[in-house]
Amino acid sequence: MRFSTFMLSAIGLFTGTSFGARILQSNDDGWAELYVRSFNDALNAAGHDVVLSCPADNKSGSRSGAIGTNTTNPRLNWVNSYPVTAMRFGISTISTQFWNGQLPDIAVSGPNVGSNLWLSVPFSGTVGAAVYAAHEAGVPSIAFSGASDGTLAWNTSPPPARSLVYGELARRLTDAVLASGKPYLPSEVWLNVNFPEVGGECTKADDFKWVLSRINIGLFSAPDVNHCGGTRLPTETSVVNHEGCFISVSVGDATDKTTAPEEKQAIVLQKLGNLLTCLP
């Protein structure tokens, strides 16, 4: 049984086929934004069991907590409150009708319309939702953000390349984390992922490469995991601003939204090592 599970995960990673994870999805741009819907489509196409619970509007200011559901698809839900509340309701209330009270295997937030790098991380609703899942609910989580901005309605037709590419890239990393086996991420950890702009030489998902990074600059921090010939990872800002199509993957500490310590970075590096590259 253990062998079969491993083989299924490996096949899913390299071929894109699914292994049916329970995934709770949220964001801070609202449930009707196209980025989150493109990602939702990609996860469903891969065969995952996805429940969406997002704010009713972009960073909704209401605290009422009222819940609404798409009349034709009950797995698409909105919560009239902040991103963290939408994630909390999604895990504790909305998903229970589908998963018989089981927690999600993983929670994903975004992709956000616009980057969430370094100084913006503590204030990001996208990050806040992922951090709630990891810190308060004990669910491994990933926050995705994309530098190509400009909000889009869920029914924009045809969907622009930036939305489709971000959705596919987010699906690939989610599958890679799931394929690495349980526990999917160390405790009190979330991944902060930032995509560069889609355009120029970076127009298809296959054009992009993944780089292990850190959130803050780390002038006085302990050494990072030994990777790419050094013990100081590049900042996520330097990665996404680097010439080329590089995606930053930072291992975040869910207790304070800074960079996680070396020993937790090392676990993520071991899990995702085949996916990661070094900056030239």
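Of the 280 residues in this chain, 54% count as buried. The model is a predicted one. Keep that in mind while walking through the fold.

Start with the overall build. The chain has eight helices and 11 strands. Its radius of gyration is 17 Å, close to the 19 Å that the globule rule gives for 280 residues, so the chain is as compact as a globular protein of that length. Along the principal axes, the C-alpha atoms fill a box of roughly 55 × 45 × 35 Å.

Now look at how the chain meets itself. Residues 24 or more positions apart account for 73% of them.

Next, step inside, to one leucine. L185 sits in the loop between α6 (161-179) and β7 (189-195). Which residues does L185 touch, leaving aside its neighbours within four places in sequence? They are P140, S141, V177, L191, V268 and K271. L185 and K264 are 79 residues apart along the chain, yet their C-alpha atoms are separated by 8.6 Å.

The cysteines come next. The structure holds two disulfides. One joins C202 and C245, with the sulfur atoms 2.0 Å apart. The torsion about this S-S bond is about -85°, so the disulfide of C202 and C245 is left-handed. The pair links distant parts of the chain, 43 residues apart. C202 is in the loop between β7 and β8 (209-213). C245 is in the loop between α7 (236-240) and β9 (246-253). Both ends are covered: C202 counts as buried at 6% relative accessibility, and C245 counts as buried at 8%.

The other disulfide joins C228 and C278. Here the sulfur atoms are 1.9 Å apart. The S-S torsion is -90°, and this link is left-handed. Where do its two ends lie? C228 is in the loop between β8 and α7, and C278 is in the segment after β11 (276-277), so the pair ties together parts that are 50 residues apart in sequence.

Counting the bonded cysteines along the chain, the disulfides follow the pattern 1-3, 2-4.

One more cysteine deserves a look. C54 has a relative accessible area of 0%, so C54 is buried.

How values were computed. Residues are numbered from 1 along each chain as its sequence is written. This is a predicted model: local features need pLDDT of at least 70, side-chain atom pairs count only at pLDDT 80 or more; totals for chains, interfaces and linings use all residues. Side-chain values use heavy atoms; hydrogens and water are left out. Helices (H or I, at least four residues) and strands (E, at least two) are DSSP runs, numbered from the N terminus. The radius of gyration is taken over C-alpha atoms; the globule rule is 2.2 Å times the number of residues to the power 0.38. Buried means under 20% relative accessible area, exposed over 50%, partly exposed in between (1.4 Å probe, protein chains only). Contact means heavy atoms within 4.5 Å. A disulfide is a pair of cysteine sulfur atoms within 2.5 Å.
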